[in-house]
Amino acid sequence: MTTKDKPLLIKRYASRRLYNTETSDYVTLEDISGFIRDGREVQIVDLKSGDDLTRQYLLQIIAEHESRGESVLPVDVLNDLVRSYMGGNASVVPQFLEASFEMLRSGQSRMLENMGAMNPIAKMPGLEAMQAQQAAFVKAMTGGIGGIGTNWTTAPDMDTSEAGAEEEPAEDLDAIKKQLAELQAKLSKLK
């Protein structure tokens, strides 16, 4: 199980200070809010009693954001939440909210997947070849000055021989020049 999979354990001391057990330092509610925004689950426990205080602190974070004008929950929803707590009967509100947020999360992830699939450039045939030609062209035009046009994954201060990069033969440069000339001829015919 990776660190991201298990909840980040925050311990609350008797002084009410919150202690991050991963980084061994004290954190604030704003820090915890940042962990959650970054996708981490948190668990806040009382050091002395071992009670789980997560829900209490998450509600406090929401209340502080709402009081600063960062309103997410409409007043009608807040009224319905209060009614569900005061009704005394078993409420369907918690199950409804959980299901609604799960649908929202899955819808967002599907939308991101679909946006990636709809990218027309990613599906363009020969994209990798064109990128390689572009890199070779930049290298030819700059003569490899200052690392421009060299292996772009190599650190700027690293010798290309150390990185295992091989110089492209002059034949490749000639082939690229020939392809450029052919493309220019085709473009001239289109005009």
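Which residues in helix 1 meet which residues in helix 2? In this predicted model, Leu29, Glu30, Ile32, Ser33, Ile36 and Arg37 in helix 1 are in contact with Tyr57, Leu58, Gln60, Ile61, Glu64 and His65 in helix 2. As for the geometry, the axes of helix 1, which covers residues 29-37, and helix 2, which covers residues 54-67, come within 10 Å and cross at roughly 100 degrees. Angles of 65 to 115 degrees count as roughly perpendicular, and helix 1 and helix 2 are therefore roughly perpendicular to each other.

Side chains of opposite charge can pair when their charged atoms come close. The count for the model comes to six salt bridges, and Glu30 takes part in one with Arg37, at 3.6 Å from N to O. Glu30 also forms a salt bridge with Arg68, where the closest N and O atoms are 3.4 Å apart. This second pair links distant parts of the chain, since Glu30 belongs to helix 1 while Arg68 sits in the loop between helix 2 and helix 3, 38 residues apart. Through salt bridges that share partners, Glu30, Arg37, Glu64 and Arg68 are joined into one network.

How accessible are the members of this network? Glu30, at 37% relative accessibility, counts as partly exposed, and Arg68 likewise counts as partly exposed, at 45%. Arg37, with 55% relative accessibility, counts as exposed, because the cut-off for that class is over 50%.

Another salt bridge has a buried setting: the side chains of Asp46 and Arg12 meet at 3.0 Å, N to O, and both Asp46 and Arg12 are buried. Here too the pair links distant parts of the chain, with Asp46 in strand 4 (residues 42-46) and Arg12 in strand 1 (residues 8-12), 34 residues apart.

Finally, helix 3, which runs over residues 75-86, contains Asp80. The relative accessible area of Asp80 is 43%, so this residue is partly exposed. Its side chain is joined to that of Arg83 by a polar contact of 2.9 Å. The C-alpha atom of Asp80 is separated by 8.5 Å from that of Val93, a residue 13 positions away along the chain.

Methods: Residues numbered from 1 in each chain as written. Predicted model: local features only at pLDDT ≥ 70, side-chain atom pairs only at ≥ 80, totals over all residues. Heavy atoms only, no water. Axes fitted to C-alpha atoms, helices over the stretch in contact; angles between N-to-C directions. Helix = DSSP H or I, 4+ residues; strand = E, 2+ residues; numbered from the N terminus. Parallel < 35°, antiparallel > 145°, perpendicular 65-115°, else oblique. Contact = heavy atoms within 4.5 Å. Buried < 20%, exposed > 50% of the residue type's maximum accessible area, 1.4 Å probe, protein only. Polar contact = N/O pair within 3.5 Å; in protein donor to acceptor, adjacent residues only side chain to side chain. Salt bridge = Lys/Arg side-chain N within 4 Å of Asp/Glu carboxyl O.
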